[in-house]
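These questions ask what stands behind each label. Each answer sets a value against a cut-off.

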Amino acid sequence: MTVLKAISLGGGLHRSENGQRFARDFINAQGDSAVQVAERNRLLIRRARLQAEIAEKDDIAVPAELKNAAAVQSLVESEKALMVSRDKRLKLQLTALAELKALLQSEIESLGKKSATQSRQLTLVMEDKGRVDDLAEKGLALSARLLSVEQRIADIQASVLDIDTASLKAKQDVSKANQDEITLRNDWNAQLAQELQNTEAELDTLNLKLTTSRDLMTEALLQSADAAQQATGAGVAANINYALVRQKDGKSVVIPADEGTQVQPGDVVKVQSVLNTQ
């Protein structure tokens, strides 16, 4: 006698008195599981995108568990578009800072040249003042000329001071731009790390919920053939596993079987409904 015939003679698969309730439980758990699987897939692609951004890669590597998942390509494209947008925004900010630093550096160089020119002029005027002072000691220089030379010296010194002040400010602005760039990069890296941590936490929570839903579905399958029929009708992979419990040398031995396996006297047929979670 085969396993299938033994089960038939025994009245078929177990049907609980509350079979309809278990069938409803299965349907509810199945709906929850479908939503959770979709959300899990979305989170897995988000995690892959964050990992790509942290590694500064251009493409998102599809997780191994989603290689054969439905609609995964649309999820990847959506996350890729977001990644490109975020990368473009970061690069624009960095480019703006780089252009600002280049402009300030050009200003510093220009101010340096002006400062050198004014210093040469100051040297010449100081030499001229020396000659005027010599003439004044001899009574050969007018006071108006001496006053003009001193005024010229004061003007050049004031100009040099203004140039040095402007140059110092430009250098401070360059330092600030450098610090802004460091801060921008650090904030970006911190944001990515935080988003990845949050995504991992969401995945952990969702996996727990998904496990619970699948456990409920499996329990419903074990308790009622009606639930198994609901699973098959809904396109859910629910497998019926058979085994023979046989006494051998005074011990119970479990032997894997199928519907065509021959049952020997004293064997106990063990039937189990298993939900395929792939």
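Buried means under 20% relative accessible area, and exposed means over 50%. Both Arg49 and Glu79 are buried. The model is predicted.

Q: Why is Arg49 called buried?
A: Buried means under 20% relative accessible area. Arg49 has 4% relative accessibility, so Arg49 counts as buried.

Q: What makes Arg49 and Glu79 a salt bridge?
A: The cut-off is a side-chain nitrogen of Lys or Arg within 4 Å of a carboxyl oxygen of Asp or Glu. For the side chains of Arg49 and Glu79, the N to O value is 2.7 Å. The pair therefore meets the definition. Arg49 lies in helix α2 and Glu79 in helix α3, so the pair ties together parts that are 30 residues apart in sequence.

Q: Why is the pair Arg49 and Glu195 called a salt bridge?
A: The side chains of Arg49 and Glu195 meet at 3.9 Å, N to O. The definition asks for within 4 Å, so this pair qualifies. Glu195 lies in helix α4 and Arg49 in helix α2, so parts 146 residues apart in sequence are tied together.

Q: Why is Glu195 called partly exposed?
A: Partly exposed lies between the buried cut-off, under 20%, and the exposed cut-off, over 50%. The relative accessible area of Glu195 is 22%, so Glu195 is partly exposed.

Q: How do you know that Arg86 forms a salt bridge with Glu195?
A: The closest N and O atoms of Arg86 and Glu195 are 3.1 Å apart. The limit is within 4 Å, so the label applies. Arg86 lies in helix α3 and Glu195 in helix α4, so the pair ties together parts 109 residues apart in sequence. Arg86 itself is buried, with a relative accessible area of 8%.

Q: Which residues are linked in a network of salt bridges?
A: Arg49, Glu53, Glu79, Arg86 and Glu195 are linked in this way. The structure holds 15 salt bridges.

Q: Why is Arg40 called buried?
A: The relative accessible area of Arg40 is 19%, and buried means under 20%, so Arg40 is buried. Arg40 sits in helix α2. Beyond four places in sequence, Arg40 touches Leu66, Leu203, Leu206, Asn207 and Leu210.

Q: What makes Leu66 buried?
A: Leu66 has a relative accessible area of 1%, which is under 20%, so Leu66 is buried. The place of Leu66 is in the loop between α2 and α3. Its contacts, not counting residues up to four places away in sequence, are Arg40, Asn41, Leu44, Ile45 and Val72.

Q: What kinds of residue form the lining of the second largest pocket?
A: This pocket has a volume of about 410 Å³. Of its 16 lining residues, the closest to its centre are Glu53, Glu56, Asp87, Leu90 and Lys91. The lining divides into seven nonpolar, one polar and eight charged residues. Glu, Asp and Lys count as charged and Leu as nonpolar. Helix α3 gives the largest share, seven residues.

Q: Where is confidence lowest, and where is it highest?
A: Confidence is lowest in helix α5 (residues 225-233), at a mean of 45, and highest in α3, at 90. The mean pLDDT of the protein is 82, and 79% of its residues reach 70 or more. Over residues 225-237, pLDDT stays under 50.

Note on methods
Residues are numbered from 1 along each chain as its sequence is written. This is a predicted model: local features need pLDDT of at least 70, side-chain atom pairs count only at pLDDT 80 or more; totals for chains, interfaces and linings use all residues. Side-chain values use heavy atoms; hydrogens and water are left out. On a 1 Å grid over the protein atoms alone, a cavity is a set of points where a 1.4 Å probe fits but cannot get out, and a pocket is an open set with protein on both sides within 12 Å along at least five of seven lines; lining residues have an atom within 4 Å of a point. Grid points are joined across faces, edges and corners, and a volume is the space filled by probe spheres set on the points. Helices (H or I, at least four residues) and strands (E, at least two) are DSSP runs, numbered from the N terminus. Buried means under 20% relative accessible area, exposed over 50%, partly exposed in between (1.4 Å probe, protein chains only). Contact means heavy atoms within 4.5 Å. pLDDT is the predictor's confidence in each residue, from 0 to 100.
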